[in-house]
Protein chains: 2
Amino acid sequence: MSSQVLSTQVSADPHAGSWLRFLRAHAALTRELSSRLEAAHGVSLRDFDVLVQLYFAPEHRLRRIDLARTVILSPSGITRLLEGLERSGWVAKHQCESDARVTWAVLTEEGVRKVEECRPTHLSDVEELFGSRFSPEEQEQLAEMLARLPLHDAGVCNG
Amino acid sequence: MSSQVLSTQVSADPHAGSWLRFLRAHAALTRELSSRLEAAHGVSLRDFDVLVQLYFAPEHRLRRIDLARTVILSPSGITRLLEGLERSGWVAKHQCESDARVTWAVLTEEGVRKVEECRPTHLSDVEELFGSRFSPEEQEQLAEMLARLPLHDAGVCNG
DNA sequence: CTATGATGCTTGCGACCTCAAGTATACAAG
DNA sequence: CTTGTATACTTGAGGTCGCAAGCATCATAG
């Protein structure tokens, strides 16, 4: 009655297996990377993602709505996330002169420094947990394959 | 001070690019698949994931803690998620006779039917959004690559 | 038997996110 | 100018999740 499972189990469906691996791999990696960032620099992975998008944007600024779309967050999500980054002094609001509807999110100088402080550690975390498992060719191939997936708006994409 | 970058942007780091693709691909796919499941059958992707794990488990049952680990959820997370499935009548609690600490999560007959109702649609969604983008060889390779990633406890894995 | 520590589970709390609704602005057509 | 529609953004309500704390149970050692 106890029973229980050969730890290895074969999927009944050929597609489902790789998809679920994908799902879980993401969950595990994300959690680990985020908690490392949090511990070392006090920012979540999402925070950092947003800061990096701004860092690589022209003049270190982006319309809030575009920012939301590239990091795959709802408009309200971006408002609240930026609230935190603004409180920390890394991002500032700036009204658009030509269109009163839009507000720019601008990286402050402090924000620039923050990104430059976090990025090396994050990249080495990524390398350890992700990059080191694949050869350069494999990475390229993986990126190519993932690029085929139907992301709505894949905007800017940096590390 | 301005600096920076054409809209198509090359990552400064070879690893970061594929990692971020991975991150966003997951977010977009998960959202789409979950909302389709929700619309068609009233269950979230997480709910369905849990139901499927039970479906493929011996006697359709699993210790709650093991279930939590395989779907990558905290113990409290599993408690609350199962609460919902229990309310819906798809999962039942069952005390373990040999160890009073553990509780089994057991799929009810109704739960079995639910899984069998949802699975075809879900598999075809996965095929459409994920599977159809890759050849069988690529899928196999993708699965193999993802399997190298450091998931803590990759337990049972089915579609 | 008792003390110690590990394990399984639940609960309170806070963080974060989405959806729906509301406000304000822009723009195009009549 | 007015109306209608699309866009940018914010706010309130509600859901999901993890962490820390707490309880009960088991296993082990003295």
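## Chain A as a whole

Of the 159 residues of chain A, 35% count as buried, where buried means that 20 or more other C-beta atoms lie within 10 Å of a residue's own, the C-beta atoms being placed from the backbone. This is a predicted model, in which local features need pLDDT of at least 70 and side-chain atom pairs count only at pLDDT 80 or more, while totals for chains, interfaces and linings use all residues. Residues are numbered from 1 along each chain as its sequence is written, and chains are lettered from A and ligands numbered from 1 in the order in which they are written.

Chain A has six helices and three strands, and along its sequence they follow the pattern α-α-β-α-α-β-β-α-α. Helices (H or I, at least four residues) and strands (E, at least two) are DSSP runs, numbered from the N terminus. Two residues are in contact if their C-beta atoms, placed from the backbone, lie within 7 Å; among the contacts in chain A between residues at least 6 apart in sequence, 51% join residues at least 24 apart.

## The sheet of chain A

In general, strands of a sheet pair through backbone hydrogen bonds, either parallel or antiparallel. In chain A, three strands make an open sheet in the order S1-S3-S2, with antiparallel pairing; two strands pair if DSSP finds at least two bridges between them. Strand S1 (61-63) and strand S2 (91-95) of chain A stand at the edges with a single partner strand each, so one side of each has no neighbour in the sheet. On average, neighbouring strands of this sheet are turned by 30° against each other, direction ignored.

S2(A) is joined by five bridges to strand S3 (residues 103-107) of chain A, and the two run antiparallel; in S3(A), A:Thr103 is the bridge partner of A:Gln95. H3(A) packs on the sheet and touches S1 and S3 of chain A, its direction making about 90° with that of S1(A). For such angles, axes are lines fitted to C-alpha atoms, for helices over the stretch in contact, and the angles run from 0 to 180 degrees between N-to-C directions.

## The sheet of chain B

Chain B also holds an open sheet of three strands, with the order S1-S3-S2 and antiparallel pairing. Three bridges join S1(B) to strand S3 (residues 103-107) of chain B, which run antiparallel, and in S3(B) the bridge partner of B:Leu62 is B:Ala105. Helix H2 (residues 45-56) of chain B packs on the sheet, touching S1, S2 and S3 of chain B, and its direction makes about 90° with that of S3(B).

## The surfaces near the DNA

DNA strand C is surrounded by 21 residues, and the closest are A:Ser76, A:Gly77, A:Ala100, B:Ile65 and B:Ser76; a residue is near a strand if its C-beta atom, placed from the backbone, lies within 6 Å of it. H4(A) gives the most to this surface, with five residues. The residues near DNA strand C divide into six nonpolar, eight polar and seven charged, where Ala, Val, Leu, Ile, Met, Phe, Trp, Tyr, Cys and Pro count as nonpolar, Asp, Glu, Lys and Arg as charged, and the others, Gly among them, as polar.

Around DNA strand D there are 19 residues, the closest being A:Ile65, A:Ser76, B:Ser76, B:Gly77 and B:Ala100. The largest share of this surface, four residues, comes from H4(B), and by class the surface near DNA strand D has six nonpolar, six polar and seven charged residues.

Methods. A residue is buried if 20 or more other C-beta atoms lie within 10 Å of its own, exposed if 12 or fewer, and partly exposed in between; C-beta atoms are placed from the backbone.
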